[in-house]
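Good morning, and thank you for making time for this one.

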Amino acid sequence: MTTHHTFPPDFLWGAATAAYQIEGSPLADGAGPSIWHRFSHTPGLVKNGDNGDVACDHYRRWKGDIALMRELGLGAYRFSVAWGRVFPDGAGAVNQKGLDFYRALVDQLLEAGIEPMATLYHWDLPAALDDRGGWLNRDVASWFSDYAQTMARALGDRVAMWVTINEPWVIATGGYLHGGLAPGHRNRFEGPIATHNILRAHGAGVRACRAETKAPVGIVLNLEPKYPASDGEADVAATRRADAFMNRQYLDPLFRGAYPVEMPELFGEAWPSHPVSDFDLITTPIDFLGVNYYSRGLTKDDPGVAIERASRVRNPSAAYTEMGWEVFPQGLSDILVRVADEYTNVPLYVTENGAAFYDPPVALAEGVDDPLRVAYLREHLLAVRDAITRGAEVRGYFAWSLMDNFEWSEGYARRFGIVHVDYATQTRTVKRSGRWYADVIRSNGVSTN
Ligand code: FCB
């Protein structure tokens, strides 16, 4: 017997992308280069030498892409603005053509009946600002707030929801601690400085948007619930450290105005002290929180690992995605409920969720059949519904991603799309997961047997 699990009536169904991952034409119409342009053009840093020069060519094909969104029946589209298109030098003079691109995109989305959710920062810092210290320079908060104000003044209420920054933990950890992401630093002292300036910039950005628009403003965190690999004391303590490092390092300052007590112990002499007044800025109230969820961390004590002294254990009975991430839908439900119970009453949105599984580079004549992705999405949507039943105020869900794209240091080797992209011809083919998701949207729910 088929059961249909319905969602609340106004639930927002969307899909997400990010500028550098899809747009291509990174220097077109006067845009300034970003740290990702530089990083991907440095030999050896991105798999197969891939870069975002062409990506999905969305900068030129955006009209067709919106038509595709319409075909899927999306109620919302989460995209990011490339800061360097609008401010080629990161600060100072505005590049009108860059601004016009996003204005046209937003207008066309509205015409198609799709709510635009704009992320102001999805990892592509203008290179000119990196030359001035980037996220390590305290001035980044005012550079970001000027940029946010410009965007909010230009697109104000036509953008339905504004996100300041995508995934502070990944920016600070990938960019400044482990170096796998731009700008590629490996420095224990820099991670916490970057984190703090990202959070300050976020607060300043919220205030700047508020001055120009009534549209809701929020931030997106990647949250990965940690579960101990055993009941042993050492693993339980490691789990607490890993949670402090990845989740509470961001949730606590945003909603409680202080970093977790574990931080000085984790970073040792690299943990800085911060002016108390910074936390007034960081705790600037937000209208919603976006949660990106992909996996959990099954955690064991591991003294050899810097900072969190913990590592992930493989779960022999679970499925894994091509990223090597455990498929664990219950983690999404658990983290949404935890955020609602312990941190905030603001509405929650799942701003990214999805999976890389193998799809052929060229779509077959009969289409792209991706049953593993369909199963992943189905299980995670049921987990979202479960979280709502458990009392979390979840208002929407955005599949990552609308289409296959440039997966950062993994290049084009990882496909997350519900729409397939043939990079040689730029042909888009809706995968079975995309058609399945369109059904979910149409019926406002998920069917199970
Ligand atoms: C998230 C990023 C997004 C994409 C997915 C797979 O961390 O926000 O751009 O790379 O992971």
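This is a predicted model: local features need pLDDT of at least 70, side-chain atom pairs count only at pLDDT 80 or more; totals for chains, interfaces and linings use all residues.

For His122, the distance between an N or O atom of the side chain and an oxygen atom of the ligand is 2.8 Å, and for Asn166, a polar side-chain atom is found 3.0 Å from an oxygen atom of the ligand.

Which residues are around the ligand? Besides Glu167, His122 and Asn166, they are Gln21, Trp123, Tyr294, Glu352, Trp400, Glu407, Trp408 and Phe416. If we sort this shell by class, we find five nonpolar, three polar and three charged residues. As for where all of this takes place, the space that the ligand takes up is the largest pocket.

Let me now turn to the aromatic rings. How many aromatic pairs are there? The count comes to 38, and I would like to show you one of them, formed by Tyr227 and Phe328, which is edge-to-face, with 5.2 Å from centre to centre and 70° between the planes. This pair links distant parts of the chain, since Tyr227 belongs to strand S7 (residues 226-228), while Phe328 sits in the loop between strand S10 (310-312) and helix H13 (329-342), and the two residues are 101 residues apart.

Key: Residues are numbered from 1 along each chain as its sequence is written. Side-chain values use heavy atoms; hydrogens and water are left out. A residue is near a molecule or strand if one of its heavy atoms lies within 4 Å of it. A polar contact is a pair of N or O atoms within 3.5 Å; within protein, one must be able to donate a hydrogen and the other to accept it, and residues adjacent in sequence count only if both atoms are side-chain atoms. On a 1 Å grid over the protein atoms alone, a cavity is a set of points where a 1.4 Å probe fits but cannot get out, and a pocket is an open set with protein on both sides within 12 Å along at least five of seven lines; lining residues have an atom within 4 Å of a point. A molecule sits in a cavity or pocket if more than half of its atoms lie within 2 Å of its grid points. Ala, Val, Leu, Ile, Met, Phe, Trp, Tyr, Cys and Pro count as nonpolar, Asp, Glu, Lys and Arg as charged, and the others, Gly among them, as polar. Rings of Phe, Tyr and Trp (its six-membered ring) pair if their centres lie within 6.5 Å; planes under 30 degrees apart count as stacked, over 60 as edge-to-face and the rest as tilted. Helices (H or I, at least four residues) and strands (E, at least two) are DSSP runs, numbered from the N terminus.
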